[in-house]
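Trainee: I would like to learn how to read a few features of a model. Please take me through them one at a time.

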Amino acid sequence: QVQLVESGGGLVQAGGSLRLSCANSGPSYSRHAMGWFRRAPGKEREFVATISWSGASTSYADSVKGRFTISRDNAKNTMLQMNTLNAEDTAVYYCAARPEYFTNSDVVYYGEQDYEYWGQGTQVTVSS
């Protein structure tokens, strides 16, 4: 069973930085494509960033491109470095995992329906 636990959220001033982490308990983490999504108050959950199972491919929403960086390590963690935060980044941030057992291609995924496992989320609040 795969469990995802996010951490690193909190309150930060506009212009500041936060680093989110997602711990993946799955035995096959190395074969999971990972993604970060967020839900702002009163809005639908939206895609933020994705990284392929090997880490070779990444992609970002236009709203965070150049400010956020997704990465992964060999210790089952997926990180989201968030810089130059603004009030519009205030949201609950979720990480998601998609098992990739049948392909060696470095595919990235943008839709919620593409992911099988989800964390509970971590709150990020940016004060202006």
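Trainee: Which residue takes a positive phi in the hairpin of strand 4 and strand 5?

Mentor: G42, with phi near 75°. The hairpin has 5 residues between the strands. Strands are DSSP runs (E, at least two residues), numbered from the N terminus. This is a predicted model, where local features need pLDDT of at least 70, side-chain atom pairs count only at pLDDT 80 or more, and totals for chains, interfaces and linings use all residues. Residues are numbered from 1 along each chain as its sequence is written, and side-chain values use heavy atoms, with hydrogens and water left out.

Trainee: How many bridges join strand 4 to strand 5?

Mentor: Strands of a sheet pair through backbone hydrogen bonds, either parallel or antiparallel. Two strands count as paired if DSSP finds at least two bridges between them. Here strands 4 and 5 run antiparallel, joined by 6 bridges. R39 has R45 in strand 5 as its bridge partner. Strand 4 also pairs with strand 9 (residues 91-99), antiparallel, over 8 bridges. There, R38 stands opposite Y93.

Trainee: Why is strand 4 described as largely enclosed?

Mentor: Look at burial. Buried means under 20% relative accessible area, exposed over 50%, partly exposed in between (1.4 Å probe, protein chains only). In strand 4 (residues 32-39), 7 of the 8 residues are buried, so the rest of the structure largely encloses it.

Trainee: Is R45 buried or exposed?

Mentor: Buried, at 19% relative accessibility. R45 lies in strand 5 (residues 45-51). Its side chain makes a polar contact of 3.0 Å with the side chain of E112. A polar contact is a pair of N or O atoms within 3.5 Å; within protein, one must be able to donate a hydrogen and the other to accept it, and residues adjacent in sequence count only if both atoms are side-chain atoms.

Trainee: Which side chain does S59 join in a polar contact?

Mentor: That of Y110, at 2.9 Å. S59 sits in strand 6 (residues 58-60) and is buried, with a relative accessible area of 15%. Not counting residues up to four places away in sequence, S59 touches F47, V48, A49, T50, V108 and Y110. Contact means heavy atoms within 4.5 Å.

Trainee: In what order do the strands of the open sheet stand?

Mentor: The order is 1-3-8-7, with antiparallel pairing of the 4 strands. Strand 1 (4-7) and strand 7 (68-72) are at the edges; each has a single partner strand, so one side of each lacks a neighbour in the sheet. Strand 7 pairs with strand 8 (residues 77-82) over 5 bridges. I70 stands opposite L80 in strand 8.
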